[in-house]
Amino acid sequence: MAISQKLKEIYGNYYDTSNYYEAIEVSHPNFNFGTDLYPDEIVYPNTVLYPGTVEFGTSKWLIQSNENMYFTVDGTQQLFLAYPFALVPPEVGSDQQDLQIVFDNVSRDIIDGIELASENSEIPIKLRYFIFVDDEVDSQITPITLNLTNISANLQSISATATRADLFKYKYPTKIFGTAFEGLYL
């Protein structure tokens, strides 16, 4: 993961008073978010703010902030909604490099999206992780794409594991082994 020089300076307390913000994109082709999060300002799904793509389908853009913010993702300006969530990084020395994520269950928007996605469980719910800073419109890290697994919910929160479960399931190059071992994975 590439980290910008500006973010390194913020992490190192290098004479920089800029704030950084963790942000995520949660997406699945079955998502069809309702209007109960911000009914006065935006109607979901809005094709201008949340354009569907082949890779990510319908998305929800969230940021850990007290106000909504615009940032550039994949060359398009996106509105990131202020929404309470927490990311718990993996423990140092842990074999599995998964993130734990907890969403505040303040509205039915997220849980309704997860229920719709469960109707098409062949396609995983994607989560992309970004870090933005005050004076920059682009992510200060190379965005990380993960799949949400082990989703559970109660009245207060929704928790999940963000993982790259298929990280090591790459086929051997056929130039080395030809077609003799077609089912062989790294």
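L62 touches A23, I24, F80, L81, Y83, F85, F103 and I110, leaving aside residues up to four places away in sequence; contact here means heavy atoms within 4.5 Å. This is a predicted model, in which local features need pLDDT of at least 70 and side-chain atom pairs count only at pLDDT 80 or more, while totals for chains, interfaces and linings use all residues. Residues are numbered from 1 along each chain as its sequence is written, and side-chain values use heavy atoms, with hydrogens and water left out.

Let's stay with L62 for a moment. L62 stands opposite L81 in strand 4. Strands are DSSP runs of E of at least two residues, helices are runs of H or I of at least four, and both are numbered from the N terminus. Strand 2 (residues 58-63) and strand 4 (residues 76-82) run parallel and are joined by 2 bridges. Two strands pair if DSSP finds at least two bridges between them.

Which residues have the most contacts inside the largest nonpolar core? They are I24, V26, L62, I101, F103, L127 and L148, in a core of 29 residues. Strand 7 (residues 125-133) gives the most to this core, with 5 residues. Another core, of 10 residues, lies apart from it, and includes Y21, A23, F80 and F132. A nonpolar core is a set of buried Ala, Val, Leu, Ile, Met, Phe, Trp, Tyr and Cys residues joined through side-chain atoms within 4.5 Å. Buried means under 20% relative accessible area, exposed over 50%, and partly exposed in between (1.4 Å probe, protein chains only).

Helix 2 (residues 109-118) has buried residues too: D109, I110, I111, G113, I114 and A117. Among the elements that cover them are strand 1, strand 2, strand 6 (99-104) and strand 7.

Next come the aromatic rings. The whole structure holds 8 aromatic pairs. The rings of F71 and F80 have their centres 6.1 Å apart and their planes at 70°, so this pair is edge-to-face. F80 also forms an edge-to-face pair with F130, at 6.0 Å centre to centre and 80° between the planes. That pair links distant parts of the chain, since F80 is in strand 4 and F130 in strand 7, 50 residues apart. Rings of Phe, Tyr and Trp (its six-membered ring) pair if their centres lie within 6.5 Å; planes under 30 degrees apart count as stacked, over 60 as edge-to-face and the rest as tilted. F80 counts as buried because its relative accessible area is 0%, and F130 is buried at 1%. W61, F71, F80, F130 and F132 form one aromatic cluster.

Finally, visit H28, in strand 1 (residues 20-28). Is H28 buried or exposed? H28 counts as buried because its relative accessibility is 0%. A polar atom of the H28 side chain lies 3.0 Å from the backbone nitrogen of N30, and a polar atom of that side chain lies 2.9 Å from the backbone oxygen of I123.

Notes. Polar contact = N/O pair within 3.5 Å; in protein donor to acceptor, adjacent residues only side chain to side chain.
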